Structure formats: structure tokens, C-alpha cells
Protein chains: 2
Amino acid sequence: MCQLLGMNANVPTDVMFSFAGLATRADEHKDGFGIAFFEDRGLRHFIDHHGARSSPVAELVKRYPIKSDNVIAHIRKATQGRVRLENTHPFVRELWGRYWVFAHNGDLKGYAPRLHGAFRPVGDTDSERAFCWLMQELAKAHASVPSVEELSCTLRELLPQPAAHGTFNMLLSNGQALWAHCSTQLHALQRRHPFGAAHLADEDLSVDFAPLTTANDRVLIVATQPLTHGEAWAALQPGEMQVYVDGETVAAGPCRG
Amino acid sequence: MCQLLGMNANVPTDVMFSFAGLATRADEHKDGFGIAFFEDRGLRHFIDHHGARSSPVAELVKRYPIKSDNVIAHIRKATQGRVRLENTHPFVRELWGRYWVFAHNGDLKGYAPRLHGAFRPVGDTDSERAFCWLMQELAKAHASVPSVEELSCTLRELLPQPAAHGTFNMLLSNGQALWAHCSTQLHALQRRHPFGAAHLADEDLSVDFAPLTTANDRVLIVATQPLTHGEAWAALQPGEMQVYVDGETVAAGPCRG
């Protein structure tokens, strides 16, 4: 099964420790990996259809302290779609002058939404179809750039539709917020003052965040499985959507119905 | 001034030698670099708003033999738009289920095309505005994916419009063809059987292509300035557009007027 990793922070933060934790799970996930880093409106996007264990691109990401406020990473175990570069998550599109990044864990059976708009899949995965449909429906629902609250209301209506076709754990970001939808498994953790040490669940690697952080830093990590021992990971519930901004969970506001 | 590099080949070919030649020109171009590699429909896109001399991403690209049939690279000297990641060429959009990649050398004065369609700039460069306008107009001109010949006819009509606002040397690719438009300077070179040795113009680096190639290989290189000594680079003329497919120049066919 694929592995998802998302990060949302109130200050640009490097994700090397968590990505190293994710990459150790790559042995059984040889079908590619990808990671996208927002720097304000800009985006760095690294993908490879070679496994994260052997990819020089993954090696770069593990060693290069790219600091970002919104990150989405994915390690792929192909269920639908061939092992090809164009099928590697995360996927990127532009809408309203912002890049949007999407990664999916799961499997949608017989999912063929009507795509009549400006967003078409380049590859042949159910995941990219779902992303294109979400972008199309967001574009239809709002004439110009909505607020994060408005977007969250629209997404809360849209996400159950692809989710009805199977398993739809997903991460979505436009650089302002990180949206997470849980179908079967997704875990979240907030790191904030006082920062302590964390130990990777799968590897003999620890980091003490205290000297690397200030009292105001807040970092939210979402992953398929908890990446560390000794930290308070919380499981999202099936059907739950969460919105993260500046390293905090944003409470669901009232949505017009 | 910015440096452009494009490659179009009939077999996936690595571009390390030419990129090394380009990167040596990066001392005066500290405002970022980017390179995009098609692998069939898939795309790898590496950008950095740090100079190509110091960027770990450029280091990866110089060492990692990514083989591609269509490549566009750009080294930036900012004229319009700040030195930021979102202003770093090449730019990418999706249209008709294909990625499109664009890089520009030059400066468009007072260029504010009407962008009412599905393509909006994320950054604030004249270049990304021109790219979004081209994508919008291509989308308007064709209901679904046209042939390379039809696209070339439409581009031949469109390209003079941004070019009328200043200097518009540009490279565009959708993974099937490479389009080059010259305003002031752009040089092209075809390498084919019998392959010989080439020596980089700016650096003490040579390569003998003969043992690396077969008799059927054809590679077309386009660059702002000739990158090598002793090869027959041809200058494109002001106002000229060229189309390259499978390492060959495609003759302009009759366009319906």
C-alpha cells in the first residue's frame, strides 16, 4: 500500500527527518515516489518512478534541507495505472494563479467521472482522475480565489463522491493550507513548544527538535502510519476531513448548505 | 541575459554535456535555473532560484544521466519579476492531457494580454503571462488535441503577438515536438551519424559521441549561443519559428489562412 506524508508549518521547516522515515518504508514500494515543496507561491516538485531506496532524486531530497511551509510526499505501490513517470504522485495543476498538489493512497473501483473542463489526466491512474475532477469542480464552484474556509466547505461536499468508489486517503495543498481526507488510515501529529526528541519508528534515527526550533514554531505532520515512537499521533476517522493552516488544525466553520 | 537550451531527439538522450556547457555561463546568471525532461508523457521538472553554480539541484542534474527525448532548460537573469521560485523558468501547464513546458529569453514591455481562460500566472513575470496567453489561445483554437502540424500553424499565427512587445526568444514543448521562436538570438545544431567529438566553448570539456550513439540517432540542440566549438551551429533568423520532431527540423506545411 502507498504511503502518504504531509507537512504544514507556520515557519518554513525542513522535512528531511520525516522523509527519511517514509523512505525506509520504500522496500515494498518500488513503484516510484514523489515530493512537492511549496515556497510561498512557488513549488519544487521531485518525482521518480524508481523506488525511493535507489533513486538519486530521493537521495537529494534526504540530504538537501529544503525549507517549506507545505509539503506533500508519496511513495507508490501501483494498484491502478502502470509504473510510469506520468503516474507518479503527487500531481500538480494550476488554478486561480496558484499551484495545487495532490496525492492519494487507496483504490477507486470503476471511477470514471465526467471530465469536460480544463483539467485532464496525463497518465492513467484513478488518482489523477480524482484530482482532475476535484479541480474541475472547485473551478466551477468559485468564480475567483475563495478563502480557505470557503474551499474547505466545497471540499467537504466534493470529497465523499470519489470516496464512495473505494479507498480515498488523500492530501491536497495550494500552499496556503493542507487538506487531509481519511478513508481508512491517516495519522496526524502536531509538534510545538516545548519541542522534544523523536525517534523514527522504522530506523535507528533520532532527532532533538529543541535546538532547531523556537517557542513559536508549530508543525503539523500527517502520515499513513505514525512515523515515530513516543509522540502523540492521532488517527483520523473514516470519512473525516481535516484542514491545517500555519501548523494548526482549523476548526470546521459553518458551511452554507 | 538569460540562456536557453532545448533538446529534441529520436531516442532518449542525456543532456548532461550540453547542460554543463550552459551552467558554466551561470556566473552572470545568479537568478535561478530550471530544466524540464519529458519521458514520453511524463515530466521531470527541476527548478531553483539559486544560481546554477551553487545549486544542489543543478549538481544533481549535471551528474544524473536522465535520458529524455525533449528537454527545455533555462538560466535566468531577471529582467521583469522578482528572484523567486515562482518566477523561475521553465513553466509547466497541462492542456488536453499533455504537459506543456515553456521558457523565454527576452523582455516584453507593457505586455498585459487579456487572460480570461483557465491559465493564470502564479508569479509576476512577462514570460509566464506570455505562456498563459499562448495556452489559452491554443485551447481556444482547437477543440481537442491537434496534430503537430496544426499546432505549428496556430503557433505561427500566435507567436508574433507577444513578440511585437519586445524580445521573444522562446522554447515550447509538449513532449511530442519542440517549437523554437527567435527574436534576436537562437542557434540550432543537429548531431547525427557519423557522430564526432565536440568541445565545449566555455569549458575544458570534450565528449566523443561516436561510442555513445548508433547510426540511427538524431539529436537537435537549440541554444541562445553555440555551446561548442567545431560544430555547424546555424543561427535562426529574427521572426523565425522552427519545429523539431524526432531530432529533425519539420518543414512548414501549408496552413489554412
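Trainee: Before anything else, what counts as buried here?
Mentor: A residue is buried if 20 or more other C-beta atoms lie within 10 Å of its own. Keep in mind that this is a predicted model.

Trainee: OK. Which residues of helix α2 in chain B are buried?
Mentor: In α2(B), residues 56-63, they are B:Val57, B:Ala58 and B:Val61.

Trainee: Why do they line one face of the helix?
Mentor: Looking down the axis of α2(B), the buried residues fall within an arc of 100 degrees, so they line one face.

Trainee: And what covers them?
Mentor: The cover includes α1 (16-23), β2 (33-39) and β3 (42-48) of chain B.

Trainee: Take α1(B), then. At what angle does α1(B) pack with α2(B)?
Mentor: The angle is about 145 degrees, and the axes of α1(B) and α2(B) are 8 Å apart.

Trainee: Which residues meet there?
Mentor: From α1(B), B:Met16, B:Phe19, B:Ala20 and B:Ala23; from α2(B), B:Ala58, B:Val61 and B:Lys62. By class, that contact has 6 nonpolar residues, no polar ones and 1 charged.

Trainee: Switching topic: how many residues does each chain put into the contact between A and B?
Mentor: Chain A gives 23 residues and chain B gives 23 residues.

Trainee: Which elements of chain A supply at least two residues each?
Mentor: β3 (42-48), α2 (56-63), β5 (91-95) and β6 (98-105) of chain A. The largest share of that side, 4 residues, comes from β3(A). The chain A side divides into 10 nonpolar, 4 polar and 9 charged residues.

Trainee: Now the sheets. What is the strand order in the sheet with 6 strands?
Mentor: In chain A the order is β5-β6-β7-β8-β15-β16, an open sheet with antiparallel pairing.

Trainee: How many bridges join β8 to β15?
Mentor: 4 bridges join β8(A), residues 178-181, to β15(A), residues 241-245. A:His181 stands opposite A:Met241 in β15(A).

Trainee: Which helices pack on that sheet?
Mentor: Helix α3(A), residues 126-141, touches β5 and β6 of chain A, and its direction makes about 15 degrees with that of β5(A). Helix α4(A), residues 148-158, touches β8 and β15 of chain A, at about 165 degrees to the direction of β15(A).

Trainee: What about the sheet with 3 strands?
Mentor: That one is also in chain A, open and antiparallel, in the order β11-β10-β13. β11 (206-208) and β13 (228-229) of chain A are the edge strands. 3 bridges join β10(A), residues 197-200, to β11(A), and A:Ala197 has A:Asp208 in β11(A) as its bridge partner.

Methods
Residues are numbered from 1 along each chain as its sequence is written. Chains are lettered from A and ligands numbered from 1 in the order in which they are written. This is a predicted model: local features need pLDDT of at least 70, side-chain atom pairs count only at pLDDT 80 or more; totals for chains, interfaces and linings use all residues. Two residues are in contact if their C-beta atoms, placed from the backbone, lie within 7 Å. Ala, Val, Leu, Ile, Met, Phe, Trp, Tyr, Cys and Pro count as nonpolar, Asp, Glu, Lys and Arg as charged, and the others, Gly among them, as polar. Two strands pair if DSSP finds at least two bridges between them. A residue is buried if 20 or more other C-beta atoms lie within 10 Å of its own, exposed if 12 or fewer, and partly exposed in between; C-beta atoms are placed from the backbone. The arc is that of the directions from the helix axis to the C-beta atoms. Axes are lines fitted to C-alpha atoms, for helices over the stretch in contact, and angles run from 0 to 180 degrees between N-to-C directions.
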